[in-house]
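Try each task before you read its solution.

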Amino acid sequence: MRILIAGGGDVGFLIAQRLIREGNEITIVEIDPRRCEYLEGVLDARIICGNAASVGTLKKAGSIDLDILIAITDIDEINLLCCLIAQVELKATYKIARIRTHEVDGWRQVCEKAGVKIDLIIHAESDIVDRILRVLPLPGVSEIFDFANGQIRLFGLNVEDGAWIDGKTMEQIQAAGAPKNSLVAMIFRGPQVMIPHGGDVVKVGDQIYVLTSSKQWDETLRFLGVTVRQKVDRVFIVGGRQISIRLAQELERRDKNVKLFEQDPQRCEKIARLVKRTVIVCADGTDERVLEEENVAGVDAFLALTGDDEDNIIACLLAKKLGNAKVAALLNRLNYVIMAQRLGISTTISPRLVTVDRALRFVRKGGVLSVTTFRQEEAEAIELIAPADSKYVGVKLSDLRFPEGVLVGAIARTSGEVIVPRGDAVIQPGDRVIFFALEEVVPKLEAAFLREGQGRPR
Amino acid sequence: MIRGAVLASVLGKLLVGLAAAMLPAFAVSLLSPGDDPAPILQSLLITVAAGLALLLPARPGAFELSLREGLLLSLLAWVGVCVFGALPFYFSPYFPTFADAVFESTSGFTTTGATVLTDVEVLPRSIQLWRCGTHWIGGMGILLLAIAVLPLIGAGGIHLYRAEFSGARSEKLKPRIAETASSLWKIYLSLTLLEYLALRLAGMNGFESICHTFSTLGTGGFSTRAASVGGFESPVIEYIIVVFMFLAGLNFTQQYRLYVERQPGRFFSDPEVRAYALFVAVSTLLVWISVVVQSGYGVSHGFRSALFVVTTTITTTGFVSDDYEKWAPAPQLLILALMVCGGCTGSTAGGLKVARIVTVARALARELKKVVERRAVFSVRYGEQPLPEAAVQTALSTLCLAVFVHFGASMVLTAAGLDVLSAISAVVATMFNVGPGLGSVGPMDNYNHLSPLSKWTLSVCMLAGRLEFYTAFVVLTPAFWRK
């Protein structure tokens, strides 16, 4: 496919890198000449230096028939203009835009009325709010993803000091009475990622991803030693940006007591008008004294969501030191994610990865229902519907030769049955299959399941 | 960071590819009567063995080339190809020393066309084909070919592409580098086929048509005849070759825009294309006037000679149709200047490249303006676009580097006893990949009489010129090897 990406920042880079590896032709429009030079050296793509909202530049970039436009510059206006130009001048088949304003619904309607067809609007903030709310009561759990309409769940868990699974092999964990339909699907250790086999060992400091059917959710958590907080009442939010406000509003709706720390008095005034019961504290949320005075010790959840990654990490570390809260840090720079996890900050939220996931899911063809990206670019969970004519369908898993680094995580049958398959299981046509794959084998895997010409789910 | 396994694997593949390129010459040696297949077969086996020896133990896995690896690999690839490509010459009885064989091979791959042979017509057909074939392979670039056909070189290929293909700084033709490379090679192949057909129609025999086509499109200059193209005594052949030399000296990216994308506006408004055409036209006119007025040529013969010499020189091909050393001094000096100028960036021609000359001229004009208007700010324009300051710097420093290299190499040649005119023109003619120079290395002479040291020096000059100096010399700087 011919894909034009407007904006060559981190998100644009990650999307391009994936899509190039999957055999697409990528052109990137980026405004910063130095960034362009960097991209030229590392991506096998055509890089055009210029403003993505310029008609001339876009025409130059998309002179040949364009399949997809992905507008993900930092600026909403440019992204919208980009879609407009692509529709009128480039005849792009599909258009994706990232929008950051909270008026995203308003824009959706405006575009519709004006006849500008934007096939996907990515609003990372709302996805992030959902992700955070789900993990608040679960200490140690970094994130939860749903597959197969919620029948299957995947969660990330930090293996902390004293966890009983420390030092155990996969086989030992199984033998200890693991719930039937559950599975350790991936282990992240420092910069490494593994798809574990029977003899692989879990260690302290690992982040493991566990797959389970939703029915056995509580059982699985109990088995792994995760104690669910019965009540999450007091929540601290550091930073008064849009996402904090949205989160505060959501938490208010659930009758939580929220304190929001923001240093800028004017900003505080503004936030105070947007929230009802939330207490706005006009102070530095990364200051130990401030946190102590505001009684951080009794807090259930501590969310550091400022625009500054370092501040977020420091704030979380302080909160962990001063209390027993579930901490979560918003990190923009992806290379901080691993470090933060090593420092014991189990939940990190990256708006960039969320955006990448959404864009990739759209671009991938055919029966791919969802794509979840872990860390920068190392592994993926892919959910897809097995077509009847795939060579992997109708054969026992133990007889199949999958590429190295692929694991069939779970199968959801059309009958509603969910299984975590063993070697004797067979994928049947129409099954929803959840794969775990190291990034380099994703194209191979997809090629085995998908063909050109399959319709994109609309 | 430089990974040996990565370099070995790519180099090994290149050598195996080089050995495969010897197969047609081997076939010719078997088919033509009186030809000896042994030299080509020996070379082929040695090259394959060396290639496999590098290739098999190396397990680089998936990789992306870094900038340093790209630069080092470009240089190593060229040196390797020139040395292994010299083997068929070395094993044949016509090249007494290894220095001679390497000179001839380097001259071939860098599309210089300078020869150490006193009589090319005694060569068997297999060696003739290999000689001209090296021009064709080296013309569009061995690395560009590797990028097009070796799937393993991904994003890092851009470093190879830039190191070898002048003018690659400009935008890529296609989003994917491999496709860019193969698009360029497709144009090259089409032109090859066209010229072959044209030469056949003009009455040249099949074998010589192939050889001359290879030499023309690579802008090399090796011929199967001692008197070069002049040996055919056919104005039609000369005009055909002029046309294809001119095309080979044109930017291939721009030609792609013209033939494939059908954007003639973009092609004809390209400042380099225009300047190139202008240089050819004006120089031809001047030489024409000179040969008619000063040397007593007829009007049409004078035009043909002038056009041929100007085209063969500016495209740095180095075919000979006429002995320009018998002309007045002014056209001879103009010929030397055209050698320095060279063809377009992104073509198979050598020289400093028209775009650089234009850039340097514009930059100088700006400096002069600055003297008068001290507070004004000027940008250097190239066509409609303002040129980034870095491009001006690169053009100027390439020019300076060429001057220094030229002076150093000329010193070596004069120290070995060559006269000043011959030494200066020999270095210009090899460094800018032209072929024949002036004096004792003129169009009717050859490089056989030079000392081995001079031959090695000129081989280095040819390589440095082909890689446009930077790639060749950056590897020698301490900064390159610093951890």
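**Exercise 1.** In this predicted model, find the order in which the six strands of the open sheet in chain A are arranged, and name its edge strands.

*Solution.* Start with the order: the six strands of chain A are arranged 3-2-1-4-5-6, with parallel pairing. Next, look for strands that pair on one side only; these are strand 3 (46-49) and strand 6 (120-122) of chain A. Finally, compare directions: neighbouring strands of this sheet are turned by 15° against each other on average, direction ignored.

**Exercise 2.** How many bridges join strand 4 of chain A to strand 5 of chain A? Then find what lies across them.

*Solution.* Strand 4 (residues 68-71) and strand 5 (residues 94-98) of chain A run parallel and are joined by four bridges. Across from Ile70(A) you will find Ile96(A), in strand 5 of chain A.

**Exercise 3.** Check the length of helix 12 (residues 309-322) of chain A, then see what its buried residues pack against.

*Solution.* Helix 12 of chain A has 14 residues, so at 1.5 Å a residue it should span 20 Å. The end C-alpha atoms of helix 12 are 20 Å apart, which agrees. Its buried residues include Ile313(A), Cys316(A) and Leu318(A). The buried residues of helix 12 pack against several elements of chain A, among them strand 12 (234-238), helix 11 (288-293) and helix 13 (336-342).

Key. Residues numbered from 1 in each chain as written. Chains lettered and ligands numbered in written order. Predicted model: local features only at pLDDT ≥ 70, side-chain atom pairs only at ≥ 80, totals over all residues. Helix = DSSP H or I, 4+ residues; strand = E, 2+ residues; numbered from the N terminus. Expected span 1.5 Å × (residues − 1). Buried ≥ 20, exposed ≤ 12 C-beta atoms within 10 Å, placed from the backbone. Contact = placed C-beta atoms within 7 Å. Pairing = 2+ DSSP bridges. Axes fitted to C-alpha atoms, helices over the stretch in contact; angles between N-to-C directions.
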